[in-house]
Amino acid sequence: MRRVAIRGLLSRKLRSALTAFAIILGVAMVSGTLVLTDTIEKAFDSIFSSSYAQTDAVVSGKKLVEWSQTGKATVSPDLLRRVQALPEVEAAAGTILDMSGDSNQAKILDRDGEAIQGNNPTFGLGVDPGDETFNPFRLVEGDWASGPNEVVIDLGTADAEGFRVGEQVQVAGEGPVRSFTLAGIVRFGDVDSLGGATIALFDVATARQVLDKTGFDAVAVAARDNVSAERLIDAIGVALPDSVEVKTGSEQAAEDGEGVGEFVTFIRYFLLAFGGIALFVGAFVIFNTLSITVAQRTKELATLRTLGASRRQVLRSVVLEGAILGVVASAVGLGFGVLIAKGLTALMRAVGLELPQASMVFATRTAVAAMLTGTIVTLVASVWPAVRATRISPISAVREGGMVVKKPSRKTLVIGLVLSALSVAGLVNGTLGNDVSALVRVLGIAGGVLGLFIGIALIAPRLIRPLARLVGLPGARLGGTAGRLAQQNAIRDPGRTASTAAALMIGLTLVSFVAVFGKALLASDESNLRKQLGTSHVITSQSGWDTVPVGAGEAAAGAAGVELASSIRGDRAQLTGGGEVDVSGVDPATIGRAYNFEWIEGSEAALASLASGGAVVREGLELPGGGKAGVGDRIGFLTPAGKRVETVVHGVYEKHGDLDQLLGQVVLSQAAFDRSFPRPADLLTLVQADSTAGLEHALVAYPDAKLQTGEAFIASWTKWLTDVMSLFYVLLALSVIVSLFGMVNTLVLAVFERTRELGMLRAVGMTRRQVRRMIRHEAVVTSLIGAALGLPLGVALGALVTQSLSQYGVSFSLPVVPLVAFVVVAIVAGIAAAVLPARRASRLNVLEALQYE
Amino acid sequence: MNAVLELQQPAGIEARTVVAAQDLTRTYGAGETAVAALRGVSLEIPRGHLTAVMGPSGSGKSTLMHILAGLDKPTSGTVEIDDVEITTLRDNELTKLRRRHIGFVFQFFNLLPMLSAEENITLPLSISGAKIEREWLEELLDATGLADRRRHRPAELSGGQQQRVAVARALVSRPTVLFADEPTGNLDSQTSAEILGLLRGAVETYGQTTVMVTHDPKAATIADRVLFLADGLIVKELGRSSQAEILETLAEVGR
């Protein structure tokens, strides 16, 4: 019996290959994701560990707040001197080499005077020329930067822009753009690429000046020969200030990598989710193909039974077929993973997420995970067809006539209805229910969607007739007899058409959901930003999320034609007894005219109190003791610089939406902000101006400052949403492609099954072209059934979720253009799926086809 | 073998040749393993006649019919249907020719299971985009006794009824020639007789030129002329004959 399974697979090569592809793609996505994220992780690891390669101990500011915009507490020159004086210390140097946050940013300008920038970091770092010990860079050409007028840049940037040693290069740090002499070109440790990041390297003193820093990021320490790392750390640890800590080099590297590690983990699970969806769709395809194969082999299997094969042996032979298919497909998918990893890199670059890469990491875990998921999914999908195969009775071997098309069974319908009802209940409870725990919500939504897919696939056979009649109408009108026959072919075996269409339905449901939900979020985000913004123009950094030197806002305020310019500083802080919050520093005199406050408590007068150290807070700020902050409440927070700030709430302003906000939860005066945070820097400057000529002129010295009209600003600030939507579309395309293979498979099998019919049709006058049209129409009918199931389902899910978010101002509206586009995609998918089967059908030899049994 | 013209004509029908074959040969394979299915067959099928082709299996009778109907190409020789040389036609032209000139009845009925009896009958017309003449269709349905079964699907019809649908389908486009390939091969004797009656009736009533390949001597009794093939050649020819005569000739040529 084993030989029967293997021979069977080999004799049905095309079918086996097409079936395998359904699994290959899903497995490739899983292995590609793991390869990619491992590679990124390794690259970051090596970036951070090369930073501290020769370093026994690192004295650095504590990371008090995650994702701070202005950096963390610095180490003072005074402390450096004290460390250098310790008897255990061989050498110690102050460095500005922190690449883990956004604080060390300096833009290099290209020859046209534009800042070089993807969405990638633009590091400005400092290392002293004589410092061989702690310097992670290697000189490729020229010399180290020395003195206030020299800079060194990374090899990648130098190559890309054609900069040569000795020429002048413009760099903008936390101040106006300045010109430096290019002293040399470096590369970073062993890393191939820093993912498009640029590096401008100065000596330490110049770096501090360019970056507007008071101390060092860290003091790197090397121990004397027979001093252990523990002794060194103990010795340094005595009498360190509160905001500073000492760690071994590797501990520091690990800490620097932490934030990045979390990010990479998030990307890993995010991408794996799409691999999972593709595998789920693949399972449908496998199930469908094996079911058809079993049905077509009825006679063969029955003959085996008459020859004495037991039910168990029949079961085993079908499951074995699935197992072999699963193992082979998983192995191939594993290999394809490398290609997918490259594709994903390109995809992420396209949405502005360029990440550094080292040489490709192929962990054992990747192979195990890919092989297991692929094989298990295939096996699970083959169980039911195998069980069905055991129900074939030996008598079928001698029974005349071809396959009997079974009516969809009542039991399946009932199970489908019950499952769908339960899923909808879970979904409604998960989205709209009150007092539901997060776990129940997630289970309700995820389980509900999954259950709904299966439930609808079970009900679908009953829907095929009316749906085919509906979606086949244009084809039947346009395609003549071929179109009409196609429509009827599609409903011949409703179960088969249903599960083929259901596979496509899954992908189309998810993209429709993304379209609905994304449109709702986008609309609400835009309208909320519109409500907040009170000026004609906005200045941001080129990327939108970096900070802009304070000088840019000041220059704007003084420019001709400017009526009003109000800068908003921004950073994060740790609320005493609470979580992290965004803190803004505003100009109390102008902010009231630039930002549309709507007061829930207090009034416009609260803004005046900012000047005397007060604060206003956004509605909903949670107090440590519970409850929401109101006028008169005291709040305290710790800044990334390690300073504690205590203040009193003078006003509570209404929040507009939950996505993009111009102001933080806590708003202080700029004076108070600048005193407590590592470094003053603006996130935004809101500008009211009649003409922009003067403004543009004033901003020439700040190449990273980007002046936009209010509407353009809103569009660019909400662009991340469209980017995320595009990313979803592309990743979901994978599962649509998987279902396409299923469609090709079903059609090839159908052509094979209807060989004699096709022969007859050709004999009575059907041309090859008509045959092709007939197959094509059948494919399009099937894919349109997929769309007819998927689109409404996706829209319904989207409506449900937007409804559940209505309290946040998210409202449902139908994304007509994307939905029409998805229908077109479905039609094109059907046409593409039909190419191969249609060609096969049209090339059949009429005579042989007529004699085919 | 030039006895064609000596055949008696059914009264009132012009004896014009509608299918003419010249020196047909058909070889399968090449080299030493080559098998010659036809080794030089010439014949003419006159309008309004029912010609039966008989012979032992392997005699080449099916190959001959396939070539005459344009489903297969001869290795050498020519076939003309209604004065059109068909062996050089391309697939598309051949398909169009089949639409206009040829009707088929197969041994295994070959109906589309998802279409009703009536839809199966009109299938050739709808494929070619021709108009369905209601009267003609009703007449065919009456003649085949299917009028009250027109909405039934093939699975709901008996074997005989299915073959009657197939005959009606072959007649619906009023083809120049109707080819029947073992039309009774899959039927019991009772239903065989019905189908043979139908085919003969079409000849009598509509002057339907028909070529029937069969190995059933009883079936051949309805033919105006019986051609006997053996080893790829026409070896004998009879006019309208009884079952006994045919059996005798078969035994003779089979030797």
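# Strands, helices and domains: a working chat

User: In what sense do strand β2 of chain A and β10(A) pair, and over how many bridges?

Analyst: Strand β2 (residues 89–95) of chain A pairs with β10(A) in the antiparallel sense, over six bridges. Two strands pair if DSSP finds at least two bridges between them. Within that pair, A:Ala92 stands opposite A:Val221 in β10(A).

User: Where do these names and numbers come from?

Analyst: Residues are numbered from 1 along each chain as its sequence is written, while chains are lettered from A and ligands numbered from 1 in the order in which they are written. This is a predicted model, where local features need pLDDT of at least 70, side-chain atom pairs count only at pLDDT 80 or more, and totals for chains, interfaces and linings use all residues. Helices (H or I, at least four residues) and strands (E, at least two) are DSSP runs, numbered from the N terminus.

User: Back to β10(A). Which other strand pairs with it?

Analyst: Strand β1 (residues 57–61) of chain A does, in the antiparallel sense over four bridges. There, A:Ser60 stands opposite A:Ala218 in β10(A).

User: How many residues of β10(A) are buried?

Analyst: Five of the six residues of β10(A) (residues 218–223) are buried, so the strand is largely enclosed by the rest of the structure. A residue is buried if 20 or more other C-beta atoms lie within 10 Å of its own, exposed if 12 or fewer, and partly exposed in between, with C-beta atoms placed from the backbone.

User: And what about chain A as a whole? How many helices and strands?

Analyst: Chain A has 26 helices and 21 strands. Its C-alpha trace spans about 100 × 65 × 55 Å along its principal axes. Of its 853 residues, 54% count as buried.

User: Which residues are buried in helix α11 of chain A?

Analyst: In α11(A), the buried residues are A:Gly416, A:Leu419, A:Ser420, A:Ser423, A:Gly426, A:Leu427, A:Gly430 and A:Thr431. What covers them includes α12 (438–471) and α24 (768–804) of chain A.

User: What domains does chain A have?

Analyst: The assignment gives domain 1 (1–55 + 247–402), domain 2 (56–246), domain 3 (460–532 + 716–853) and domain 4 (547–703). The bounds come from an automatic or database domain assignment. The C-alpha centres of domain 1 and domain 4 of chain A are 51 Å apart.

User: Switching to chain B. What is the order of the six strands in its open sheet?

Analyst: The order is β6-β7-β8-β3-β9-β10 (chain B), with mixed pairing. At the edges stand β6 (102–105) and β10 (233–238) of chain B; each has a single partner strand, so one side of each is left without a neighbour in the sheet. From one strand to the next, the twist averages 20 degrees.

User: Which way do β3 and β8 of chain B pair, parallel or antiparallel?

Analyst: Strand β3 (residues 50–54) and strand β8 (residues 210–213) of chain B pair in the parallel sense, over four bridges. B:Ala52 stands opposite B:Met212 in β8(B).

User: What does helix α1 of chain B touch on the sheet?

Analyst: Helix α1 (residues 61–68) of chain B packs on the sheet and touches β3, β7 (177–181), β8 and β9 (225–230) of chain B. The direction of α1(B) makes about 150 degrees with that of β8(B). Axes are lines fitted to C-alpha atoms, for helices over the stretch in contact, and angles run from 0 to 180 degrees between N-to-C directions.

User: How many residues of chain B are in contact with chain A?

Analyst: 20 residues of chain B are in contact with 18 residues of chain A. Contact here means that the C-beta atoms of two residues, placed from the backbone, lie within 7 Å. On the chain B side, the elements that give two or more residues are α2 (91–101) and α3 (117–128) of chain B.

User: What is the phi of B:Asp23, and where is this residue found?

Analyst: B:Asp23 has a positive phi of about 50 degrees although it is not a glycine. This residue is in strand β1 (residues 17–28) of chain B. B:Asp23 counts as partly exposed because it has 13 C-beta neighbours inside 10 Å.

User: And B:Asp231, where does that lie?

Analyst: B:Asp231 lies in the loop between β9 and β10 of chain B. Its phi is positive, about 50 degrees, although B:Asp231 is not a glycine. With 15 other C-beta atoms within 10 Å, B:Asp231 is partly exposed.

User: Last one. Where is B:Gly145?

Analyst: B:Gly145 is in the loop between α4 (134–143) and α5 (159–171) of chain B. It has 14 C-beta neighbours inside 10 Å, so B:Gly145 counts as partly exposed. The C-alpha atoms of B:Gly145 and B:Val35 are separated by 44 Å, and the two residues are 110 residues apart along the chain.
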